[in-house]
Amino acid sequence: MSTPTATPQTAPGQPEAPPDAHAATGLSQPGPGDWEPGRRVIASSFAPLPDHQWQEEPLMSHDGMHVAAVVRQEDDSFTMRVDDGVWDAGFDKVWSPRFLPDGRLAAIVQQDGEWTVAVDGEPWPETYGFVWSLMHGPAGRVIAAVQQDMRYGMIVDGEPWETLYENANNFALSPDGRRTAAVVQTVPLGQADLETFTRGVYSVAVDGEAWDRNFMNVWTPVFDNRNDRVAAQVRLSHSEYTVAVNGTLWPATFPCVWEPCFDPATGAVAAPVRKDGRWGMALDGTLLWEARFFQCWAPAWSPDGRHLWAIVAPRYGSFTVARDASPWPFSAPVVTDLVLSPDGTRAAALASNDNTAWQVVVDGVAWPGKWDMAWRPVFSPCGRHVAVRVRDRGRETVLLDGRPWRDAFTTAWDPMFGPADSGCPSGSVLLRGIRDGACERWVATPDDFKA
C-alpha cells in the first residue's frame, strides 16, 4: 500500500517548489478544506493489529490525516503500518521513519545485512553497509548519511556522492534541500599520528566534492540562503580558530569560534568569537559585537539582515537572548531553542533553572507557568502569535500566546498555524495528538485556549 502523495508540479526551468509548504516551517500544509475548526478523529484506536507481535510509538503526518508506526509481523519481519494498512514489503529491521512534506513515508530499512531507505514501502535499489541521519528537504527529497566499504558520505534520493571519504559527519542541507554538505576526512590518519593530524586531514565536501584545503578540525557547515556558498568553523592550529567560506579563510583568527551564519541580505558571514577571554560577534573576521559576554552562540539573522540575534551570557551562568548585542532583561541558567518571527523582529526561546521546569520566553517576557518539557516555539506566518507544545505530569498540550488549550493529549505533535487564506480566525492552530487511545486532529481557534 502507499500513503497519499501530492506530486509537486515544476515549471520547466523553474526551481522546484515545496509542495504546499508552510511558509514558516517548510512542512506540508493541510489543504484549504482541512482547516474547518473542530475535532476530527483519524483513528478511534491505534492499538496493535491482531497479527502484529508488537508496535512501536506512532507518528502522525504533518497534516494530521495519517498515523504510522513500525510493527513486527507474525513472520518476525518488520514493516510500517500506516492507518489500518501495512507496507507490502517486510524487512529485517526498520527504524527512523518520518513523513515527508508531500505526505510520503520514508524509513531506514535493513534486509540480509544491507541497509537502504524505503519510501512508501519501496526500497531504493542500491544497498549499503549502513545508513543513518535520515533527512528531507522542503521539496521532498530524501537524504541520508551512508557508509559503504568503510567509506562515508551522503546519499540523495538513492544516489550517493561520487566520492566517499575516510570519515564524514556534521551533515547539512541547503535551504532548498537540493544540495548537501558535510565535514569529511580526506587523508588517512593512523593512530597517534599527530604530525599528519596537525597538518590537517579534515575539510568540507559540498555535494561530495571536498574543498581543496584541509584543516586540523572543521565543524558545522552551513549554506547561505542562495544555496551556493558554505561557511564552517575551522581550527588552524592548537589555539587558532576562524571561519572558512567556500574554503577561503577569514583574515583574522580567534582563540575559539562557534557556528557561523550568513546575512541573507548581504551574504556576509557572522559568527560568535572569543577574544581576550570573553565572547562577542564577528562579521567577516572583524569584531561586530564587543567581546563582553561570558558566552555567545546560536546566531540568527532577520530575513532582511537588519537584526542579528543570539543567545548570550552577560554574567557567568546567566543566559538570555540578545538582539543587535542588546540582551533581554530576562535571564536563566539555561536558554535554548531560539526562534525568530518570520520578519525577524520578534523572538522566542525556552528557559530553565534546572533542565526540568521549562518556561517559554517571548520578546524577553516569560509566559506564566513551568512545564516538565517544552518543545521549540512556532511563530504564526503573520508573526503575531506563538504556539508551543508542552508536557506536564505526563500529559501534553499546546500553549497559544501563553494560554493552554482547553484539553490535553497523551501524546502530541508540534502545532502548525493555518495560512492566511485558510478562512480561520487569525491564530488558528492545527493540533495533532492521541487522546483516550484515539488519534485526533483539531483545528483550534484562539477561543479554544483558556484565558
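Predicted model: local features only at pLDDT ≥ 70, side-chain atom pairs only at ≥ 80, totals over all residues.
Strand β15, residues 167–173, is joined to β16 by five bridges, and the two run antiparallel. Residues are numbered from 1 along each chain as its sequence is written, and side-chain values use heavy atoms, with hydrogens and water left out.

Back to our hairpin. Six residues lie between β15 and β16, and there G177 takes a positive phi near 75 degrees. N167 sits opposite Q185 of β16.

On its other pairing, β16 is joined by five bridges to β17, residues 202–206, again antiparallel. Here Q185 faces Y202.

So, how many residues of β16 are buried? Six of the six, over residues 180–185, so this strand is largely enclosed by the rest of the structure. Buried is under 20% relative accessible area, with a 1.4 Å probe and protein chains only. T180, A182 and V184 point one way, while A181, V183 and Q185 point the other way.

Now for another sheet, an open one: four strands in the order β7-β8-β9-β10, paired antiparallel. β7 (93–99) and β10 (122–123) are at the edges with a single partner strand each, so one side of each has no neighbour in the sheet. β7 pairs with β8, residues 105–111, over five bridges, and F99 has L105 as its bridge partner.

Note on methods:
Pairing = 2+ DSSP bridges. Buried < 20%, exposed > 50% of the residue type's maximum accessible area, 1.4 Å probe, protein only.
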